[in-house]
Amino acid sequence: MCFFSYICTLKYCVKMYMMKRIFVALMAVALVFGGAADLQAQNKKKKSGKAKTTQTTKNKKKKSEAPAVPVVTDIELPYNSSDCLFAIPLEMDKTYGPTTPPYGAGRVQEVVADKAHPNIFEREHNSVWYKITIPYNGQLEINIAQKSVWDDYDFLVYRYTGVYFSNQVLLNKVTPVAVNLGAVDSNSLAAAALKAAERQPKAKADAGAKKKKAAEEPEFVLPVEPKATIGMSVDAKDVMLTKKQFGGFIKSIPVRMGEVYYIVLDNRSEGGQGHSITCSVHADAYEPLVLFYDRKGKRYVDVDLMILEKGGQGGERVIVKDAHYRGGKVKFIPGFSYTLYAKRDGFFSIYREFSASDLMMRDTLMLSYMERTERGSSFPIKNVYFEDGDAALIPGTDTALMQYVAMFLNHPDVTFLVKGFVQSYGVNAEADMLLSLDRAKTVKQYFVDHGISADRITTAGMTKNEIKRAAAAALDKGAGFSGVKVELIITGKTE
């Protein structure tokens, strides 16, 4: 009995031991697969987190690389510009503004109406003074664009009389030459605002149509100037606008070169907004659209542009100075001469001297081509001529090379190849090859004689294969010789 009990107990222990081993094995398998699953989940989570981080980084990078939208900030009016002595000088044909609102009358109330002078400000409310020097004879025009049409801006124009001008204005000993005191027609403005609100749905539809049309239009579009609300114009009929009249523009006044005029602009509205102001002289002039075009990139480019006007009373006058000029209309006056200088990194600079009369017979567009300084850029020249069968330039036909002389003189680091061409039927290819090289050497000597270092210039003529191809093209029916006499090819830059 005891032996049998011992055997049963032993079987039971063995059975329990085997079950324990199986349980441990199952637990190990569960742990292995569970750990693998957890690890896979962690890796997946880590990968997705990494992908998210990468995507976020890409989005941030993309956002940071997006071109910045230019923010137009208001010009802060100088605190003392409410007084005549500290009038802000304006440049002709250049917009000043948008400004912050004028505030107060300054330290001195220069303009105060009396019985003898009723058609001026009864007093200055929120004023700013400007002054302008007239560069040539014509009619003075003033365009003032109010930020808010509800503001009641008035202005007076005085001709400068001398060193005691401010005192004479204060004592009413100087009479304004132009008066615009036109009142704001609140009823008309309210009616216009109501109509605008009614048209709003249609305006949104029109805006979508305009956007679609704009995509089909040429790349360059003239910048939109702020719309003038009051001022002086040659087309206006009113000589003066009094306080009892509604209106925005008065008739221009004749001005002469060298005269100085003061403009006092006053806003009767309290807590009003700012404005922009542009002064110009209306005269017979040539006013083309000045643009710069990259032929290789097939796009208009902005340039660092300066245009000087010569012949006025003050000698030279800067009419354009813009480090990022994108294009616009420029006024050129008969009897004056001009110097244009345009530059941009990676392009040849442009330097031109001309008179307005040189432009009068041209189109309304002054287009200049910006040529790249990169290696391989080429400039085929057709309008230069050589003696028949010779390498000598025909006198008077070398003017076509002068623009390239100026171009390379402005960029002394650029090296280039001069390649000559001949019109050949291939009868004596060897002689034609030598002649094309001699013509290239002649052009090189022309550049050297005009100040370009010989070390910057290499020469080449046509190869035998090029002469054969030219001869074959000339003999084909309807074909002829190429008109290119010389080609300039950029070879690199000096170290």
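Buried means under 20% relative accessible area, exposed means over 50%, and partly exposed lies in between, with a 1.4 Å probe and protein chains only.

**Entry 1: ground rules**

I am looking at a predicted model, where local features need pLDDT of at least 70, side-chain atom pairs count only at pLDDT 80 or more, and totals for chains, interfaces and linings use all residues. Residues are numbered from 1 along each chain as its sequence is written, and side-chain values use heavy atoms, with hydrogens and water left out.

**Entry 2: aromatic rings**

I began with the rings. A pair of aromatic rings is described by the distance of the centres and the angle of the planes. My rule pairs rings of Phe, Tyr and Trp (its six-membered ring) if their centres lie within 6.5 Å; planes under 30 degrees apart are stacked, over 60 edge-to-face, and the rest tilted. By this rule I have 21 aromatic pairs.

I looked up Tyr136 and Phe336, an edge-to-face pair with 6.2 Å from centre to centre and 70° between the planes. Tyr136 sits in the loop between strand E2 (127-133) and strand E3 (138-146), and Phe336 in the loop between strand E15 (328-329) and strand E16 (337-343), so the pair ties together parts 200 residues apart in sequence. Is Tyr136 buried or exposed? Tyr136 counts as buried because its relative accessibility is 2%. Phe336, at 7% relative accessibility, is buried as well.

Next came Tyr338 and Phe354, whose ring centres are 5.9 Å apart with planes at 25°, so this pair is stacked. Tyr338 belongs to strand E16 and Phe354 to strand E17 (residues 350-355), so the pair ties together parts 16 residues apart in sequence. I noted both Tyr338 and Phe354 as buried.

I also found one aromatic cluster, made by Phe348, Phe379, Tyr404, Phe408, Phe416, Tyr446 and Phe447.

**Entry 3: salt bridges**

I count a salt bridge when a side-chain nitrogen of Lys or Arg is within 4 Å of a carboxyl oxygen of Asp or Glu. The count comes to 16 salt bridges.

Which residue forms a salt bridge with Glu122, the closest N and O atoms being 3.5 Å apart? That partner is Lys243. Lys243 lies in the loop between strand E6 (230-233) and strand E7 (249-251), while Glu122 is in the loop between strand E1 (88-89) and E2, so the pair ties together parts 121 residues apart in sequence. I have Lys243 as partly exposed, with a relative accessible area of 38%, and Glu122 as partly exposed, with 30%.

Arg268 also meets Glu122 in a salt bridge, at 2.7 Å from N to O. Arg268 is in the loop between strand E9 (260-267) and strand E10 (275-282), so this pair ties together parts 146 residues apart in sequence. Putting these together, I see Glu122, Asp152, Lys243 and Arg268 linked in a network of salt bridges.

Elsewhere, Glu466 pairs with Lys419, their closest N and O atoms being 2.7 Å apart. Glu466 is in helix H8 (residues 464-475) and Lys419 in strand E20 (residues 414-420), so parts 47 residues apart in sequence are tied together. Lys419 counts as buried because its relative accessibility is 14%.

Most residues other than glycine have a negative phi, and most peptide bonds are trans. I therefore wrote down the exceptions below, as they go against what most residues and peptide bonds do.

- The peptide bond from Gly97 to Pro98 is cis, with omega near 5°, and Pro98 is in the loop between E1 and E2.
- Asp93 has a positive phi, near 70°, and is in the loop between E1 and E2.
- Asn172 has a positive phi of about 60° and is in the loop between H2 and E5; Asn172 counts as buried because its relative accessibility is 11%.

Finally, I looked up Asp154, which is in strand E4 (residues 153-159) and is buried at 4% relative accessibility. Asp154 and Gly231 are 77 residues apart in sequence, and 9.1 Å apart in space from C-alpha to C-alpha.

Notes:
Helices (H or I, at least four residues) and strands (E, at least two) are DSSP runs, numbered from the N terminus.
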